[in-house]
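Let's take a walk through this one together. Have a look at the sequence and the structure first, and then we'll go through some of the details.

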Amino acid sequence: MQWLNAVIQGVLLGGLYALLAAGLSLMFGVMRIVNLAHGVLAIVAAYIGLVFVENVGISPFLAIVLVVPIMALVGYLLQWGLLNRAISKGGLAPLLVTFGLAVVLTQLLQERFTADTQAIQIGALGTDSITISDNISIGLFPLMTFVVGVLVIAALQLFISKAPLGRAMRATSDDVDTVMLMGIDNRQVYALSTALALATVGLAGMFIGMRTQFSPTFGDAMLIFAFEAVIIGGLGSLWGTLAGGMVLGIAQTIGAQVNPSYGVLFGHLVFLAILAFRPTGLLPKAVTA
Amino acid sequence: MTEPIVHPGVVHPHVKVRRATKSSWGGLAVVIPVLVILAAGPYIIDRGMQQSLVTLFTLIVLGTMWNLLAGYGGMVSIGQQAYIGIGAYGLVYIADVIGLDPFLAVPVAVVVAGILSLPISFLAFRLSGGYFAIGTWVIAEVLKLITTQIPALGGGSGISLTAFSDFSPGRRIAYVYWLSLAAVVIAVAVTYWIMRSRLGLGFTAIRDDAVAAASLGVRVTRSKRFVFVIAAMGSALAGGMIAANTLRVTPDSVYSVSYSAFMIFIVVIGGIGTIEGPIVGAIVFFGLQQWLSDLGSWYLIIIGVLAIVITLFLPKGLWGLISGNGRIRLFPVGYRLESPLERFSLAAKAAAPKE
């Protein structure tokens with residue numbers, strides 16, 4: 001029963017990882033760039049939320065409503081100011097720029113907030129749970145996170161396949177030159193894609209901040225987990241990313257069940273096993289994203 | 001129409017193919033005296049200064065190896081700390097536990113890192129671009145977590161290097177200094193040799209057009225794997241230098257992703273894709289680190305911003321600026337044509353559109 005409990009907790013954790021990974025997957029899908037500052041940006045969102053809750057004194061859920069548009073704006077400006085230029089340089093430039101950004105942001109957070117761990121307090125919601133049997137209980141907040149993760153993935157999938165902007169994003173991903181001939185400004189599509197990606201990052205960052213303790217260097221692990229969810233699930237598929245997040249979550253909770261210090265290591269090993277034996281991931285290229 | 005007779009190795013009877021230029025002979029005239037002066041270091045400068053220079057030499061080796069990987073091989077890795085860790089822990093384990101002479105333990109650890117990097121490359125090469133970068137990082141994290149679980153290596157709290165306790169501190173520091181200087185010479189010489197060889201020519205072709213290069217018989221994956229292994233060995237050498245200089249290794253310090261940040265910033269600031277660039281970059285990085293040391297982590301923020309600005313506005317880095325976009329070459333790896341028609345070809349070059 002302990003093991004079943006670990007699997008259930010892993011699935012719930014996977015929802016959070018999928019939420020975190022959706023933005024990474026989206027930016028790669030549209031622009032073919034891997035944003036190495038992805039994890040740090042989630043932690044930046046958590047710190048912005050922390051400031052709203054602790055210093056301004058609003059409720060964490062109201063803070064989410066503020067943090068998500070702020071991060072979307074950050075994404076829009078980031079793309080116009082930095083990343084569009086990096087993409088036009090081609091080659092290694094986008095990677096080098098986003099890596100530099102990740103280091104700079106981590107250090108700035110450390111200067112402003114110190115290296116101590118912090119958490120966004122959510123009161124009783126953090127400990128409430130639904131008891132199913134003696135050994136199995138589902139935390140209300142992890143369940144909420146999971147539901148939000150699944151909803152965001154579903155909404156993104158719907159947006160990309162149906163909305164006009166989603167169509168433009170897919171078209172830009174397929175053939176930039178033709179899209180430009182059709183009168184679409186690819187830089188604008190890129191900026192809106194990054195805005196959308198960072199909105200999901202903002203949401204993910206808030207949920208991370210409310211769920212666990214975080215510190216400025218926590219972004220490193222967040223980038224790695226998001227990446228593992230994307231690769232395990234298969235490139236180019238948002239549903240795959242959800243599956244990948246769950247596999248990673250289950251691997252980590254089972255590992256932690258074996259030995260508390262094995263959690264993260266088990267996740268990495270499952271990722272490496274997928275890479276070795278099924279490098280296209282679990283659900284590759286179901287739908288272009 | 002008669003075809004001109006082509007002699008192997010001769011481009012045209014009136015044209016000479018040259019590699020070295022006046023600037024590279026002049027460069028040699030600078031490099032050799034500098035090396036001689038540096039080699040005399042332990043007789044001239046105090047121990048603290050020698051230890052600082054070992055740090056600089058380590059940065060040069062790390063930058064040179066990362067440039068080989070990314071600047072020539074096109075592989076952006078943020079997981080080279082995996083091999084720094086293997087080199088550092090390898091030195092401690094081989095010298096202290098097995099009992100080999102520490103100066104012999106360093107090359108053995110380097111070879112071990114090279115052997116381990118080969119199977120790792122098969123995993124990492126399943127990914128490309130940015131995903132390759134994060135994949136190498138995951139592999140480094142796995143090695144760190146495994147190291148933490150090994151009691152013989154001190155677990156999470158690390159282990160001290162005691163093999164040097166037979167030496168007096170002055171002797172040890174001098175020997176480590178010479179070892180590190182030799183490491184710099186080896187790293188730069190190996191890179192120079194690779195880039196002047198057939199392999200280097202292949203990399204230039206891959207950089208320009210991977211598909212065309214492959215169709216002409218350049219073995220793209222094999223060349224990349226070779227460079228991956230060499231870069232792993234070079235990073236392990238740097239790891240050995242770090243352990244010998246600090247005498248203490250912990251998983252969090254030697255497997256730190258900060259080393260990858262240092263390497264990337266050094267190469268980007270100095271100039272990616274040149275042999276001179278990482279040397280210039282390491283000196284600038286080291287200088288800023290020393291100069292801004294009172295400001296805490298601000299030095300890394302300033303260097304990071306500098307690296308972003310250079311990537312976007314000065315892609316050839318500081319060395320590109322110093323050398324006038326490659327006119328001065330201390331380490332010539334390309335070929336130059338010299339002919340009576342040179343003036344004509346120069347005029348044609350000036351008229352040609354800029355790349």
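## A helix and its buried side

Let's start with H5(B), where Pro102(B), Ala105(B), Val106(B), Ala109(B), Val110(B), Ala113(B), Ser117(B), Ile120(B), Ser121(B) and Ala124(B) are buried. Buried here means 20 or more other C-beta atoms within 10 Å of the residue's own; exposed means 12 or fewer, partly exposed is in between, and C-beta atoms are placed from the backbone. Helices (H or I, at least four residues) and strands (E, at least two) are DSSP runs, numbered from the N terminus.

H5(B) also has a bend of about 30° at Leu118(B), with a proline, Pro119(B), following within four residues. The bend is the angle between axes fitted to the seven residues ending at a residue and the seven starting there.

## Where this comes from

This is a predicted model, so local features need pLDDT of at least 70 and side-chain atom pairs count only at pLDDT 80 or more, while totals for chains, interfaces and linings use all residues. Residues are numbered from 1 along each chain as its sequence is written, and chains are lettered from A and ligands numbered from 1 in the order in which they are written.

## Chain B as a whole

Chain B has 16 helices and four strands. Of its 355 residues, 44% are buried.

## Where the chains meet

The contact takes 34 residues from chain A and 29 from chain B, where being in contact means C-beta atoms, placed from the backbone, within 7 Å. On the chain B side, the elements giving two or more residues are H6, H12 (258-270) and H14 (298-313). H6(B) gives the largest share, ten residues.

H6(B) packs with helix H11 (residues 263-277) of chain A at about 135°, with the axes 10 Å apart. H11(A) and H6(B) are therefore oblique to each other. On the H11(A) side, Val264(A), Leu265(A), His268(A), Phe271(A) and Leu272(A) meet Val138(B), Glu141(B), Val142(B) and Leu145(B) of H6(B).

## One residue up close

So what does Tyr131(B) touch, leaving aside its neighbours within four places in sequence? Tyr131(B) is in contact with Val34(A), Phe227(A) and Ile231(A). Tyr131(B) sits in helix H6 of chain B and is partly exposed, because 19 other C-beta atoms lie within 10 Å.

How values were computed. Axes fitted to C-alpha atoms, helices over the stretch in contact; angles between N-to-C directions. Parallel < 35°, antiparallel > 145°, perpendicular 65-115°, else oblique. Contact = placed C-beta atoms within 7 Å.
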